[in-house]
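The following paragraphs lead through selected elements of the structure shown here.

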Amino acid sequence: MTYSVLIADDHPVVLGGLKALIAENPQFRVVATAADGASALAELQRTTPDVAVLDLNMPIHNGLAVLQRAAELHLSAPIVILAAAASDADIHALVTSGAAGLLFKDAAPQVLTTCLERVLAGRKWIAADALAAVQRQEVKNQLSQSRLSSLTQREIELLRLVQNSRSNKEIAYALNLSEGTVKVHLNSMFRKLGVSSRAELASLKLVESGLS
């Protein structure tokens with residue numbers, strides 16, 4: 001049996017290398033490639049591949065955004081994410097958003113083929129160091145949850161907007177604030193919650209703290 005594969009990466013050399021590597025295995029057939037997240041999502045819908053391999057950091061929409069949108073559209077192809085590097089928060093978000101596989105680009109080439117075979121068999125393939133990152137982020141999230149009660153009502157409103165991927169400018173408009181005031185609130189929230197990035201803020205869940 002031959003399986004169809006979609007590949008997306010914004011670096012032409014990497015994209016070409018991935019295509020050649022996967023094409024070496026007769027059980028795989030590359031049916032489409034993409035250089036950005038928007039094109040990758042379009043190709044997922046157009047070609048309905050058996051599996052997709054997406055770079056984490058792509059223009060327009062990154063791999064996580066494509067993964068989440070594919071789930072919203074009920075696209076059935078399992079998605080494997082390739083990352084040159086990723087924060088614990090990014091890795092946690094990828095795994096909890098349903099990535100079927102997660103590999104780092106410094107892995108041996110044959111690992112990708114093994115990953116695809118495992119994913120197509122209906123199993124997960126998450127790199128060991130990625131699993132460790134998920135566990136670290138879970139511990140950090142639990143600690144942050146206990147600190148959510150220290151947020152003001154305004155900060156809770158701002159957190160919801162961050163979790164909806166709103167920019168500082170959009171948040172300022174929605175809450176009738178200046179962008180400078182939004183930055184002040186964000187810095188205050190970082191300190192209160194013990195986080196250091198918007199990605200970590202976005203990964204927190206208000207429901208568990210009773211603040212939803």
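**Helices and their packing**

Leu112, Thr113, Cys115, Leu116 and Val119 are the buried residues of helix 5, where buried means under 20% relative accessible area with a 1.4 Å probe and protein chains only. Viewed down the helix axis, these buried residues lie within an arc of 160°, so they line one face of helix 5; the arc is taken from the directions from the helix axis to the C-beta atoms. They pack against helix 1 (12-23), strand 2 (28-34), strand 3 (51-55), strand 4 (79-83), strand 5 (101-104) and strand 6 (125-126), contact meaning heavy atoms within 4.5 Å. Helices (H or I, at least four residues) and strands (E, at least two) are DSSP runs, numbered from the N terminus.

This is a predicted model, in which local features need pLDDT of at least 70 and side-chain atom pairs count only at pLDDT 80 or more, while totals for chains, interfaces and linings use all residues. Residues are numbered from 1 along each chain as its sequence is written, and side-chain values use heavy atoms, with hydrogens and water left out.

In helix 2 (residues 37-47), the buried residues are Gly37, Ala40, Leu41, Glu43, Leu44 and Thr47. They cover an arc of only 165° around the axis, which puts them on the same side of helix 2. Their packing partners are strand 1, strand 2, strand 3, helix 3 (63-72) and strand 4. Just after helix 2, Thr48 has a positive phi of about 40°.

Strand 1, helix 1 and strand 2 form a β-α-β unit that is right-handed: with the strands pointing away from the viewer, the path from the first strand over the helix to the second runs clockwise.

Methods. Buried means under 20% relative accessible area, exposed over 50%, partly exposed in between (1.4 Å probe, protein chains only).
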